[in-house]
Amino acid sequence: MSRETIESILQEKRLFSPPAEFAQNAHIKSLEQYQELYDRAAADPEEFWAQLAEKELHWFQKWDRVLDWQPPFAKWFVNGKINISYNCLDRHLTTWRKNKAAIIWEGEPGDSRTLTYAQLHREVCQMANVMKQLGVKKGDRVGIYMPMIPEAAIAMLACARIGAPHSVVFGGFSSEALKARLLDAQAKLVVTADGGWRKDQIVPLKDSVDEAIAHNGVPSVENILVVERTKQKIHMEPGRDHWWHDLQAGASADCPAEPMNSEDMLFILYTSGTTGKPKGVVHTTGGYNLYTHVTCKWAFDLKDTDVYWCTADVGWITGHSYIVYGPLSNGATSLMYEGAPRPSNPGCFWDVVEKYGVTIFYTAPTAIRAFIKMGEHHPKARNLSSLRILGTVGEPINPEAWMWYHKIIGGGRCPIVDTWWQTETGGFMITPLPGAIPTKPGSATLPFPGIIADIVDLEGNSVPTNRGGYLAIKYPWPSMMRTVYGDDDRFRRTYWEHIPPKDGQYFYFAGDGARKDSDGYFWIMGRVDDVMNIAGHRIGTMEVESALVSHPAVAEAAVVSRPDEVKGEDIFAFVTLEGSYQPSEKLKEELKQHVVKEIGTIARPGEIRFADALPKTRSGKIIRRFLRNLAAGQDLVGDISTMEDLSVLDKLREGT
């Protein structure tokens with residue numbers, strides 16, 4: 001976050017109360033009702049979540065125990081039997097929702113498709129049977145590497161139906177990044193497409209899968225299931241590769257949902273880590289189903305009449321929780337869009353809002369800042385009067401972008417739901433409930449009922465009002481990650497040991513700096529570790545550094561983030577070269593493309609600066625705070641007495 005953004009947040013005084021008519025019709029209608037819910041949950045969290053689990057979800061068998069908490073490992077609804085695919089589909093078929101639109105899909109070229117709950121149920125059952133036919137059994141992992149098309153959601157729900165944990169990999173990741181994730185998860189089946197549309201270009205997904213598993217690179221993969229989307233020519237390996245439409249055509253639509261233990265693994269989703277190797281975040285079934293259901297219902301005030309659109313990709317946790325599982329569990333209509341604003345149609349998002357009468361719109365501050373740069377004439381040329389709630393996700397939003405969103409997109413009438421949460425949390429942790437909680441531009445406001453959040457120092461002491469500290473969660477919640485896949489020690493180290501237990505109290509360390517104001521509102525200030533937030537997506541500095549040093553020209557690399565008015569943060573790399581290589585603009589471009597090949601477009605450095613040496617302590621550790629200052633064009637701050645060679649900084653300032 002830039003210094004200007006932090007200063008504007010610290011000075012923010014504006015307050016927006018929920019419109020009276022909106023509040024009157026909301027699920028949670030007042031601050032008093034929110035406070036009563038919050039107090040009740042804090043007094044007896046197990047009873048609070050148990051009542052909601054019974055009321056909101058279908059269980060094949062009730063649990064024996066609400067919570068088994070052996071810090072830092074939690075089990076929720078122990079021995080309960082449930083299936084999230086059943087909760088998202090089957091239970092709606094006995095109601096009028098059977099013929100309601102479950103997914104509305106708009107493709108980038110303009111093609112579209114609507115699936116009712118009955119139609120979606122049929123296709124999910126057929127795909128589940130196809131997976132069984134391909135040898136997938138309960139417990140087998142399935143890799144999903146897809147564009148934003150309905151088949152991505154169908155594949156996820158089919159996996160959940162038969163108890164095969166899915167691992168969705170964002171379609172913008174490279175073949176190398178895909179390979180690492182498939183290897184770690186030991187995927188048995190990969191579901192992909194020939195390609196997908198992105199900004200008027202075809203993304204060749206099947207080619208990337210072929211590269212990832214070439215030469216037995218991922219020996220666990222036995223079959224590849226391919227959706228025909230773009231119809232470009234691809235290689236289909238006989239016996240291994242199968243067209244989705246061919247197998248689906250002969251598949252039965254009868255596939256009863258498998259009763260799953262509440263703690264059975266639902267999915268693995270990889271997120272960036274500071275050690276370079278992405279972390280496989282494990283989420284299980286019952287608690288995740290409950291938490292995404294309730295947070296989606298209350299934070300978006302979901303009604304049966306809503307057309308709800310989350311603009312994220314299913315490859316991220318936002319797509320899992322708030323495109324697929326949360327909305328469908330509630331019987332909502334969830335809109336999926338394959339495209340993105342692009343030179344050929346910068347106003348495409350507003351076309352979609354107008355065409356389908358979208359009522360709830362959930363996007364990232366990065367997108368909002370891009371909309372601002374494109375100009376308000378694009379949204380003003382469309383009819384956006386159907387909108388009633390706006391949401392924001394992925395990173396802190398600066399107050400002026402919040403105000404533009406409120407005035408230009410929301411017409412001054414739509415509450416803004418600014419959500420703080422993470423891949424690891426599974427669902428919203430701090431968020432306004434739109435009919436109950438007055439909002440402040442730039443603040444995620446108050447914790448969701450059942451979430452005990454605090455700002456603490458590294459000893460676990462609460463810090464005073466308006467003092468910066470570390471955001472921590474003090475009590476388990478149903479959708480919390482259970483572990484890092486295959487690495488319990490890393491889970492413990494990463495999330496539970498930064499702040500040691502105090503008087504029997506354990507602290508989940510979120511990795512974000514924050515403060516709390518005199519009203520108890522939380523203000524998120526950004527990451528405090530070596531994970532960058534690029535356009536709302538978390539990228540580890542070590543991942544990018546590892547990609548750079550894998551190029552033969554690079555001897556050493558240090559990567560930091562710098563403020564960017566559109567992305568929030570951009571990647572700035574400092575690179576020293578092997579002896580025979582010389583700095584050049586051509587080499588910079590080659591290195592940027594190398595990072596794209598190794599990780600994906602999202603990790604492309606915005607700038608690379610060549611250096612003879614990097615600033616280090618006498619023990620050889622790179623002093624990153626100086627590099628962050630340099631990247632941001634700021635004065636160097638902090639103690640330099642530990643530096644090995646002070647002349648390095650002068651040379652870096654000169655850009656040599």
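## Glu-585 and helix α19

Glu-585 lies in helix α19 (residues 585-598); helices (H or I, at least four residues) and strands (E, at least two) are DSSP runs numbered from the N terminus. With a relative accessibility of 58%, Glu-585 counts as exposed, where exposed means over 50% relative accessible area, buried under 20% and partly exposed in between (1.4 Å probe, protein chains only). The C-alpha atoms of Glu-585 and Ile-608 are 9.5 Å apart in space, and the two residues are separated by 23 residues in sequence.

## Basis of the model

The model is predicted: local features need pLDDT of at least 70 and side-chain atom pairs count only at pLDDT 80 or more, while totals for chains, interfaces and linings use all residues. Residues are numbered from 1 along each chain as its sequence is written, and side-chain values use heavy atoms, with hydrogens and water left out.

## Helix α11 and its packing partners

Helix α11 (residues 286-299) has 14 residues and reaches 20 Å from its first C-alpha to its last, close to the 20 Å expected at 1.5 Å a residue; the expected span is 1.5 Å times one less than the number of residues. The helix is mostly covered, 14 of its 14 residues being buried. Just after α11, Asp-301 adopts a positive phi of about 45°.

Two packed helices are described by the angle between their axes and the distance between the axes. Here axes are lines fitted to C-alpha atoms, for helices over the stretch in contact, with angles running from 0 to 180 degrees between N-to-C directions. The axes of α4 (residues 45-56) and α11 come within 10 Å and cross at roughly 85°, so the two helices are roughly perpendicular (65 to 115 degrees; under 35 is roughly parallel, over 145 roughly antiparallel and the rest oblique). Their contact (heavy atoms within 4.5 Å) involves Phe-48, Trp-49, Leu-52, Ala-53 and Glu-56 of α4, and Leu-290, Tyr-291, His-293, Val-294, Lys-297 and Trp-298 of α11. By class, these residues comprise 8 nonpolar, 1 polar and 2 charged, with Ala, Val, Leu, Ile, Met, Phe, Trp, Tyr, Cys and Pro taken as nonpolar, Asp, Glu, Lys and Arg as charged, and the others, Gly among them, as polar.

Helix α12 (residues 317-329) packs against α11 at an angle of about 80°, with the axes 8 Å apart; α11 and α12 are therefore also roughly perpendicular to each other. Residues of α11 in this contact include Tyr-288, Asn-289 and His-293, and those of α12 include Ile-317, His-320 and Tyr-325. The α11 and α12 contact has 6 nonpolar, 8 polar and no charged residues.

## Helix α7

The 13 residues of helix α7 (residues 150-162) should span 18 Å at 1.5 Å a residue, in agreement with the 19 Å between its end C-alpha atoms. Of these 13 residues, 13 are buried. Gly-163 follows α7 with a positive phi, near 80°.

## Aromatic pairs

The whole structure contains 42 aromatic pairs, defined as rings of Phe, Tyr and Trp (its six-membered ring) with centres within 6.5 Å; planes under 30 degrees apart count as stacked, over 60 as edge-to-face and the rest as tilted. The ring centres of Phe-73 and Phe-491 are 5.5 Å apart and the planes lie at 40°, so this pair is tilted. It links strand β2 (residues 73-78) with helix α17 (residues 488-496), the two residues being 418 residues apart. Phe-73 is partly exposed at 26% relative accessible area, whereas Phe-491 is buried at 1%.
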